[in-house]
Amino acid sequence: MTDPFAPYDLAGLPLSNRIVMAPMTRCRAGDGGTATALMAEYYAQRADAGLIITEGVQPSAIGQGYPWTPGLHSDAQRESWRQVTDAVHARGGLIAAQLMHAGRVSHPSLHADGAVPVAPSAVRAEGKVFTPTGMKDMIEPRALDEAGIAATFDDFAAAARRAVDAGFDAVELHGANGYLIHQFLDPTANRRTDGWGSGVEGRLRFAVGVAEAVAAEIGPERVSMRLSPGGGRSSGSREDPDALAETYVPLAEELARTGIAALHLVESGGPELTRALREAWPRTLLVNRALGAGDDAARAGLALVETGGADLVSFASLFLANPDLPDRLRAGGPFNAPDRATFYGGGEAGYTDYPVLAR
Ligand SMILES: Cc1cc2nc3c(=O)[nH]c(=O)nc-3n(C[C@H](O)[C@H](O)[C@H](O)COP(=O)(O)O)c2cc1C
């Protein structure tokens with residue numbers, strides 16, 4: 001049985017345990033999408049994680065999906081992140097930046113010039129989008145052309161370079177939850193008839209292209225990709241596990257060829273698909289079981305590492321509400337409950353004021 005609290009070597013990164021803080025958008029960035037001192041405090045409080053993965057960070061202005069999210073597309077943004085990486089490192093932690101391009105689920109009101117968001121195809125997502133002036137209907141996005149795809153790869157690579165220069169230990173590429181990379185994978189969002197769509201092979205190319213571009217810029221050992229086969233925000237597709245395996249097993253094989261260090265799987269396609277990807281993927285597998293913030297979720301996450309179903313486990317809502325989560329997991333709880341009202345936006349309340357256990 002593997003001990004989730006034992007150290008782990010992630011392609012040369014020495015994790016102190018196998019408990020990872022999953023990425024969480026908190027919409028508390030400063031002017032111009034910069035990181036703030038409060039964000040540094042929030043992440044440093046959670047530095048007992050084996051690895052912290054930040055909230056989604058836009059690699060380009062057009063990639064921003066929500067108000068008050070931070071970026072890594074300007075030098076000012078890069079400089080602002082140093083206080084975060086320094087604070088986490090000072091507490092002995094490690095931190096990766098999650099690069100998240102929202103694609104079609106962005107909105108013109110998030111962009112100073114009112115730019116229309118981009119996507120694989122001009123297909124509107126379902127549902128509403130959170131904007132600075134309230135919930136709005138999704139818009140019809142602009143399909144990326146060849147030059148736009150190449151420029152997007154460059155944006156990801158440049159943002160990854162800024163992340164490393166800002167002191168991040170690694171970069172996670174957000175290929176999950178219905179954002180741009182996932183939109184290319186998803187046949188309901190990707191209706192292209194050229195080489196970036198039309199069949200499984202075409203739909204994988206964008207994800208693999210982003211991984212290659214970023215790996216070439218900062219080294220494959222510093223790169224992971226997050227995937228959520230069964231769950232895409234605002235996507236109509238709820239495919240059965242067999243159909244998902246037809247896309248995601250070849251994707252894992254293609255990503256393996258890029259040399260990237262890890263896959264971060266949100267277990268939204270069911271445990272069988274997790275097992276299939278465990279077999280198809282030759283390196284580190286990090287799994288988010290997405291079971292919420294209760295005792296059962298804690299136990300199920302640890303059990304996956306104990307039984308060898310994953311190398312690392314990530315928790316989101318449990319880490320949001322419990323800055324000292326590894327200590328609490330070791331003790332079997334108790335766990336603070338997350339307050340949904342303070343998830344997105346605001347200040348210290350529900351952000352840096354969750355209590356730790358008395359040691
Ligand atoms: C407030 C909040 C913000 C989130 N933002 C992101 C994000 O920026 N990027 C991402 O990949 N997932 C994001 N997620 C999804 C989580 O990483 C995770 O997959 C999900 O919450 C299920 O895990 P859990 O059951 O441990 O909470 C977010 C979740 C929450 C609760």
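**Ligand site and aromatic pairs**

In this predicted model, a polar side-chain atom of N177 lies 3.4 Å from a nitrogen atom of the ligand. That falls under the polar contact cut-off, a pair of N or O atoms within 3.5 Å. Residues are numbered from 1 along each chain as its sequence is written. Local features need pLDDT of at least 70, side-chain atom pairs count only at pLDDT 80 or more, totals for chains, interfaces and linings use all residues, and side-chain values use heavy atoms, with hydrogens and water left out.

**Ligand contacts**
- An N or O atom in the side chain of R226 is 2.7 Å from an oxygen atom of the ligand.
- A polar backbone atom of A316 is 2.9 Å from an oxygen atom of the ligand.
- Taken alone, the ligand exposes 610 Å², and the protein buries 86% of that (Shrake-Rupley method, 1.4 Å probe).

**Ligand shell**
- The ligand is surrounded by 18 residues (a heavy atom within 4 Å).
- The closest are T25, R226, N288, G292 and S317.
- The shell divides into nine nonpolar, eight polar and one charged residue.

**Aromatic pairs**
- The count comes to nine aromatic pairs (ring centres within 6.5 Å; planes under 30 degrees apart are stacked, over 60 edge-to-face, the rest tilted).
- Y42 and Y43 have ring centres 4.8 Å apart and planes at 65°, so this pair is edge-to-face.
- Both Y42 and Y43 are buried (under 20% relative accessible area, 1.4 Å probe, protein chains only).
- W68 and F130 also pair edge-to-face, at 6.3 Å centre to centre and 65° between the planes.

Conventions. Polar contact = N/O pair within 3.5 Å; in protein donor to acceptor, adjacent residues only side chain to side chain. Nonpolar A, V, L, I, M, F, W, Y, C, P; charged D, E, K, R; others polar. Phe/Tyr/Trp six-rings, centres within 6.5 Å; stacked < 30°, edge-to-face > 60°. Buried < 20%, exposed > 50% of the residue type's maximum accessible area, 1.4 Å probe, protein only.
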